[in-house]
Every structure is written in structure tokens, then in C-alpha cells.
Amino acid sequence: MPSKNPTIEGKKPRLPKMQHLSIQNVTNTATAWAASPAGQLVRVEVLVTLSCALLVTMVFLSSSRRASRSATFRLVVWSALMLSYPAVSYTIGLMQSSSFRNELVVVWACFLLGCADGISACSIDDSDQQARTMLNQAAQIIYVLFLLLSHASSLPLQLKVLLLFIWLQTVAKLGVRIKKFLSVGRDRVLSIENRLISMYMQDGSRCGLLVTGEEGIEDDRGEYRFSESNLPAGLVTFDMVWRCKGVLLNKGNPRACKLKDLCLSFALFKLLRRRLTSDAGRHGLTMQETHNFPNNGTGNDADGQERLFRVVEVELGFLFDFFYARHPCPRETLVPETVLFMAVLTTSLSTLFVPALLKLHYHTPNGDPNISTTDLDIWLTRMVIVLFLLLESFQYSKVVFSDWHKVKMLCRYVRDPWWQKQVILEFLLSLMFRVTLTRRYWSNSVGQYCLLQTCIRSEKDLIFRLPLPDSFRRFLVKRRMKTHRDLSKVVKQAIYHPLHDSSYHSRIAHGLLALQLPYLHTDELCQTITRQSIIRSMLVWHIATTICDCELDTSSAAIDSIITENHEVATTLSNYCAYLLFYALELVIENHLSTQISLEFLQITVQRCLGVCQSKDEMLNKLFSFQPMDDGDRYEAILADGGKLGRDILRIFPDNRARWTMLAKLWTEKVLSVAPSNNVAAHVKKLATGGELITHIWAWLTHCGIIKQPTKPFYEDQELDLDYAFN
């Protein structure tokens, strides 16, 4: 029987309706407040603060993004770059369309407009859009001009004049940038200057590596001309830098070596830049041109490996700046930038302390609610001006203390004997050379990934306890297993010796040199290289090295320093090669898409065959007893061959010292064998995220005349080559 209670029947249906009306009222109230002058002013204040935060993040943190391995950090910098222009444009547009009247919004707009971005791109595709970026800046300049004209009647005369100067200076900075973009574009450098450098390197009368002045070896008709007896006025070679008798470059100066190496890095950068065009094919780098590089400032030193890596690191830093930064080339003058910076500094300080701004206080003149200036607005104005001063000073200092400008000053110092006699000038130059505002170009670390370690799982691991799709779980496992470790001096030393030995370059063969031991029968080990493809051989040897690592008892008293060092070299480079195969395959082979899919199937196969293992011993027991269920399964065959190779190494090399010495040499040779590559764009793209060790090796081998990987070994059995999957 239905209830007759009117209270129950009447109240229950009303609750949802009352809640709906309450939410609607709150929404309508918030919308009305946001559309009011006060709400619009608050929105503008928030957007100005947000834009300032984006600009600070972009300018001050951009120089650290390469040296950071944190994906979150790089995402923050990239987001700041992507959002800075839209945020500033939207804020200026909201200022124009708002109904409130506040003369300080013009100050915010002018100074936000002047905050130039500190980096130009996060990828090569972005750097090719400089014209679009400058067009966006031109549109913002027009918006601010309209805003300035609309508030001209309410602005004090002093503030009006200063803001007009700020706006004109922004126009001038954009004009200077457009002029440089049109006159010295990257296309011109890659075509004309590369051709001149190639012709200079082919000229038998050349007198050392070319640092600057290549434009002087071209006549009015565009023809190459060079005379050793009558050198062009602006020409500076590395030999001239090395023979300079000035105090700054004298052997008695402890920083002279690093300054000379800076010029060497810049000269090598120009040679490496030729790989970016087809011109490098006709005027290619040959051993005849570059045979003296390792001994020309990097070889005869007790700390040779550190010096070599430093020279290449700075060289790749120049290559990074060439694509991603906005540093002027050494032949350009900094006079326009200096004049503009001094004008901006003077105008900004005058605006900050102008009486018209200091006397402003909270007021609502004539009772008009559309005109208001609060104390918060005044403090926000001062913050924007101070921030603008800091950003402009920091960006100008980055140009002055950049490696590009230091090379320019060093070349001027080498060319002009008068500079070498001025004590005060030399003191000022030495101070400039000591200052650096950019962190290391490289994080000095290498990626690490172990294929077999993905099978070792803890019972408390949430990734495997949560109900996740298999594909997403594999993605999380793969991401978690990728780590980075600092590149130790031991590993650098192992790589340095073969790089420094020019006679070794022509003999590297993907690891065969390390197995050429006359006192041991290693023919069956050599077959894992000669009868298999390069990628397959790396995978099999990586599995075998992991087995040897698991079998090594590091707590044993028989483990000496030699075993420890070779073990570190072998495991570091083995895991790094696995990292390259699974995370940066484009740096190893050019046609990598099909191989990348095959590697993903290999990961699935390894986890399926070995299952869940609680420890290394359990994983080894499963691996040693593993037999392929299908003889035609290439992925199971790789796992089985890796296990067999590991057992063979343990049998043939029962002594730990001999075993790890062989493995250290083999993995060093394998890294050097796969480093040469014609995929220059892949290496350049990797520079945006910190670069890789293989890029450093690739650059140096290029200067040693090695631009192609060693000839692939002969395959006696094509079935072991995995056809196209790992080729």
C-alpha cells in the first residue's frame, strides 16, 4: 500500500532539483564575476604571472636540458617553450578586449613582449620554423602598439615615452634577428662554407686546420683562392693558434691547453658539419687529411682520454648550437646586440624608478568601477620589470660568454699582435674565458639495459600484481629496466686506446680481434661473429656476457683490480649496446623499423620462455636447461645460442682474468665497429636530449677517416642471419 506521508513524498524529489539549482547559481555567479571588470583584471594578473613563470623556466633552465637525463625536466622545458608564445599572445589579446581601465597593463604588455625566448627549438623540425616564430613576434608587436595607443590618453607623459622606447627596442631586436636570418642562414653555411672548407682541406698547400676566415679564400666570382705566402686577413688556422706566443696561449698558462682545445673543437666542428651535406661525399674525410688529428693537441697527455672526450664534447656542443641555439658566428660583430642591451637596460631601470610609477597607489578615480589600480598591480609591475632585466642580462651574458664568442676573441687575439702586448686587455680576456654560463654539453653517462634482467621479478612488484594489459605491462617493465650510469675513467680509457691508435682502425671487425688468441682454440666463438649478422651477434654476446656476470663472485679474494676494471668495461659496454638496440636503434643501423619490431618480439619471447624468476640463479637454471620448442623460431634460437655461448666462454676461459680481458676488448671493438654511420640526422636529433656515447665515437672516427662500418663478416649459413629482421 503506498505511503501517505506527505513529508517523505514531498522532500525526496526536491533534493536533486535543489542541488542542481545551487550548482547552477554558483556557475552563473562565477561566470558573471569573471566577465566583470574585476574578474577580467584578476585573469590578466594570473596570466601575466604564468607567462613570467614560463619565460623564467625557458630561459634559465634551457641550458641544462642536455646535461639532464630526467625526462620530466626535459618535458617541463619543452612545455615552457611550447606555451610561452601562446600565453603571451593570449594575455595581450585579453588586455585589449577587457572592459576595465588600468594603465599598468600597458607596462606588463611591453615588458612581456620584450622577454625574448632563450632557446629556439627542441628539435630540428622546430628550428626550421624560425620564420614562423618571427612572424608571431611581429604580430605581438602590432597588438602591443594598438594597446599602447588605446591607453595613451590615460598614461603619464614620462611613462608613455619610456614604454614607447621599450616598444621601439623590441622592434629593433626583431629587425636584427630577421637580418641575421636572411644574411647568414644555415642553408648558406651548409652549401657555400662547406664547399670552401672542403676545397681548403683538399689543397695540398694548406697550413693546418681551418678555425675561422674561410670566407676570405673566396674571390668576387665565388672561386676558391688560397696562397700560403699571402694569407687572407681573417684566416686563422689551428697551427697559428698552437704557435701563438701570447700570454693567454703560452705553455706557462695553465688554461692555455683548454683554450687551444676550444679552437681545435671549433675546427673539427666545421669538418664534421660537412657530413650534413652531399658535399661530404665528393670531398670526403680521408685518413690522409686527418691522420695527424690524434697527435695534434690530444694525444701526448697523461690525461689523454679526458682531453679527447672534452674536445669531442665541445665539438658536438658547437653542432648542437648550430641547430638549436642562437649564437652568432665568429665573423659577426656583437655591436648591435651590445647597443640594444645598453638601451634596454637604461630604459628598463628608468621605468622601474620613474616617479609616475612610484606615486601610483590604490585608487578608483571618479567612482568609476572600471578604472582601478591595486597595490598588487604595482608590485606585479615591478616584478615584471625586474624579471625583464634579469632575462635580458642573462641572455646577453650567454652570448658574450658562449664558446662561439670565445673562439672569436681567441682568433682576434692570435691575428693581432697588438692584443698580445696589452696587459689589461689580456686580463679582461682571461676573465671572460673563465666564466661559463652553460652546463656541460653532455651528461657523461651511458644508457644501460639488460635483456635477461626483465625476467627477474619480485613478488611485491606492483607492476605484475595489478590487473594491467600485457602490452602496457611490457612497456612499464621496459621503461623501468632502462637506467643510466656515469661513464667511468676505466671505460673511457678502454675506448681511448683504440681510438688513439690509428693502426687499429683498419683492423676492427666486430670483435674478431679480441678472439685472435693463438694459445686458445676460439674458432667456435669466432663463428658467432662470422656466421651471424651484426645485430644477432650483439644480442647473443650480450646474453653470454650477462651469464658470465651472474657467475662471477665479486666477493671472492681472487678478484683483483684487473678483473674488476675489465668486468666494469665489459658489462657497461654490453648493457650499453643492448640499450642502443632497444632504445636508439637508428644510431646503429639506418633501416631500423623492421628490426625494431623484431626486437620487441624478442623481448616477449625471452619473458615467455624464462617466465618469472625470483633470482639470478633461478634465471640461469632456466636458461641453461632451455631448449627451443620450435626449431624455426628465430627468437628462441637467439636465447638458446646466447646460453650456449655463455657456457662455452666459461669452459674455454676458466680463468676470470683472461675471460674478462677478452670480453672487455670484444665489447670495445663492437662499439667501435657499429659507431660509423651515414645517418647524421639521427645523431643530431639525439643531441637535443643529451647526446650519446656512440655519437662521440662516431664524430672522432669521422675525423680519422672512418665513415662506414667495417665490412660485414661472411655468412656461411644464411639461415642464421635472421633474414631481414636483424640485418
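In the predicted model, E618 is partly exposed, with a relative accessible area of 29%, where partly exposed denotes the range between buried (under 20% relative accessible area) and exposed (over 50%), computed with a 1.4 Å probe on protein chains only. E618 is located in helix α28, which spans residues 616-624; helices (H or I, at least four residues) and strands (E, at least two) are DSSP runs numbered from the N terminus. When neighbours within four places in sequence are left aside, E618 is in contact with V612 and C613, a contact being defined by heavy atoms within 4.5 Å. E618 and I456 are 162 residues apart in sequence, and their C-alpha atoms are 8.8 Å apart in space.

Residues are numbered from 1 along each chain as its sequence is written. As the model is predicted, local features need pLDDT of at least 70 and side-chain atom pairs count only at pLDDT 80 or more, whereas totals for chains, interfaces and linings use all residues; side-chain values use heavy atoms, with hydrogens and water left out.

The chain contains 32 helices and 4 strands. Of its 727 residues, 52% count as buried. Among contacts between residues at least 6 apart in sequence, 80% join residues at least 24 apart.

Strand β3 comprises residues 445-448, with S445 and G447 pointing one way and V446 and Q448 the other way. All of these residues are buried. Strand β3 pairs with strand β4 (residues 483-486) in the antiparallel sense over 4 bridges, pairing being assigned if DSSP finds at least two bridges between two strands.

S443 counts as buried because its relative accessibility is 17%. N444, at 17% relative accessibility, likewise counts as buried. The side chain of S443 makes a polar contact with the side chain of S445 at 2.8 Å. A polar contact is a pair of N or O atoms within 3.5 Å; within protein, one atom must be able to donate a hydrogen and the other to accept it, and residues adjacent in sequence count only if both atoms are side-chain atoms. Residues up to four places away in sequence not being counted, S443 touches R66, A67 and R69. N444 has a phi near 55°, a positive value in a residue other than glycine.

A positive phi in a residue other than glycine also occurs at H510, where the value is near 60°. H510 is found in the loop between α23 (502-505) and α24 (523-530). With a relative accessible area of 4%, H510 is buried.

Helix α22 (residues 489-500) packs against helix α26 (residues 561-583) at an angle of about 80°, with the axes 9 Å apart. Axes are lines fitted to C-alpha atoms, for helices over the stretch in contact, and angles run from 0 to 180 degrees between N-to-C directions. Helices α22 and α26 are therefore roughly perpendicular to each other, a class that covers 65 to 115 degrees, while angles under 35 degrees count as roughly parallel, over 145 as roughly antiparallel and the rest as oblique. Helix α22 contributes V490, V491, A494 and I495 to the contact, and α26 contributes E565, E568, V569, T572 and L573. These residues divide into 6 nonpolar, 1 polar and 2 charged; Ala, Val, Leu, Ile, Met, Phe, Trp, Tyr, Cys and Pro count as nonpolar, Asp, Glu, Lys and Arg as charged, and the others, Gly among them, as polar. Y496 also has its place in helix α22, and its relative accessibility of 5% makes Y496 buried.

Helix α27 (residues 593-610) contains T605, which is buried with a relative accessible area of 6%. The side chain of T605 reaches the backbone oxygen of F601 at 2.8 Å. Neighbours within four places in sequence left aside, T605 is in contact with Y635 and E636.

Helix α31 (residues 680-687) is mostly covered, as 6 of its 8 residues are buried. The buried residues in α31 are V680, A682, H683, V684, K686 and L687.
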